[in-house]
Amino acid sequence: MVNILVVDDDKNTRLLFKAILEREKYNVFTVSNGSEALDFMDKEHIDLIVLDIMMPQMDGYEFTQTLRSSNISLPILMVSAKQFPSDKRRGFLVGTDDYITKPIDEDEMLLRIKALLRRSQIVTERRIVIGDVVLDYDSFTVSKNGQQQELPQKEFLLLYKLLSYPSRIFTRIQLMDEIWGADSETGWETVTVHIGRLRKRFEGWNEFEIISVRGLGYKAVKKI
């Protein structure tokens, strides 16, 4: 399932959004401000964030800016009562992907969320297909010609991230922050170790390759 984090200081709004999203079969978590959201993301993988702007401790602008400055690119939908063009402009400048004003239209919000998930290539099927190779996000499995292997969570998330954006270069720090969490005490060297394991695991597979980009990081290349 797709994991969505709702960040809003109003309890009723959190409950409403949770109900709307769960009806669409999303897995929904809720927190009351940006600071809590950062802590929560250290413990749970999140695919998309529905974010209020006006909150105590850390508002939506600051939260978004914090994520983007750490090169965390997961999609963010800002939902706010602030309707002035300057508010929307500020939201996009700090790095939100979309902006919708309250009171919300439920159907519009759901359509925007689906569009954001499509853009980030985390679609409802949660699968990447490359020739005979299928990556299944829900089971952390990679299969080819009927043979299936289940990967450890971090290995799978790392491979899925790279193959979701073929030929795009990710630094070790970017991958570390997004998959292990910005506050993880694990060193960035663990990314190198996991890349090595993935290369060994899929050695001889012709459908894709993980390439080191000297001085920058890694990218995955689809060969089909």
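Tutor: Happy to! One term to begin with: strands here are DSSP runs of at least two residues, helices are runs of at least four, and both are numbered from the N terminus. Please keep in mind that this is a predicted model.

Let's start at aspartate 98, which belongs to strand 5, covering residues 98-101. Is aspartate 98 buried or exposed? Buried means under 20% relative accessible area, and aspartate 98 counts as buried because its relative accessibility is 11%. Setting aside neighbours within four places in sequence, its contacts are Ile76, Leu77, Met78, Phe92, Arg112 and Leu116.

Now follow the chain onward from strand 5. Proline 103 sits in the loop that joins strand 5 to helix 5. The peptide bond leading from lysine 102 into proline 103 is cis, with omega near -5°. That deserves a second look, because most peptide bonds are trans.

Next comes the start of helix 5. Aspartate 105 caps the N-terminal end of this helix, with a side-chain oxygen 3.1 Å from the backbone nitrogen of aspartate 107. Helix 5 itself takes in residues 106-119.

Which residues of helix 5 are buried? They are Met109, Leu110, Ile113, Ala115, Leu116 and Leu117. As you look at their positions, remember that an α-helix has 3.6 residues a turn, so residues three or four places apart point the same way. The buried residues of helix 5 pack against strand 1 (3-7), helix 1 (11-23), strand 3 (48-51), strand 4 (76-80) and strand 5.

Let's step out to leucine 74, in the loop between helix 3 and strand 4. Leucine 74 counts as buried because its relative accessibility is 8%. Not counting residues up to four places away in sequence, leucine 74 touches Met41, Ile46, Asp47, Leu48, Ile49, Leu67, Arg68 and Asp97. Two of these names, Met41 and Leu67, turn up again where helix 2 meets helix 3: Gly34, Ala37, Leu38 and Met41 on the helix 2 side, and Phe63, Thr66 and Leu67 on the helix 3 side. By class, that contact has five nonpolar, two polar and no charged residues. Helix 2 (residues 34-41) and helix 3 (residues 60-69) pack at an angle of about 35°, and their axes are 9 Å apart.

Finally, look elsewhere in the model for the largest nonpolar core, which has 30 residues. Among the residues with the most contacts inside this core are Leu135, Val142 and Phe156. Helix 6 gives the most to this core, with seven residues. Phenylalanine 156 is in contact with Leu135 and Val142, among others. A second, separate core has 22 residues, including Val7, Ile46, Leu51 and Ile53. Ile46 is also one of the residues that leucine 74 touches.

Methods
Residues numbered from 1 in each chain as written. Predicted model: local features only at pLDDT ≥ 70, side-chain atom pairs only at ≥ 80, totals over all residues. Heavy atoms only, no water. Buried < 20%, exposed > 50% of the residue type's maximum accessible area, 1.4 Å probe, protein only. Contact = heavy atoms within 4.5 Å. Core = buried A, V, L, I, M, F, W, Y, C linked by side-chain atoms within 4.5 Å. Expected span 1.5 Å × (residues − 1). Polar contact = N/O pair within 3.5 Å; in protein donor to acceptor, adjacent residues only side chain to side chain. Axes fitted to C-alpha atoms, helices over the stretch in contact; angles between N-to-C directions. Nonpolar A, V, L, I, M, F, W, Y, C, P; charged D, E, K, R; others polar.
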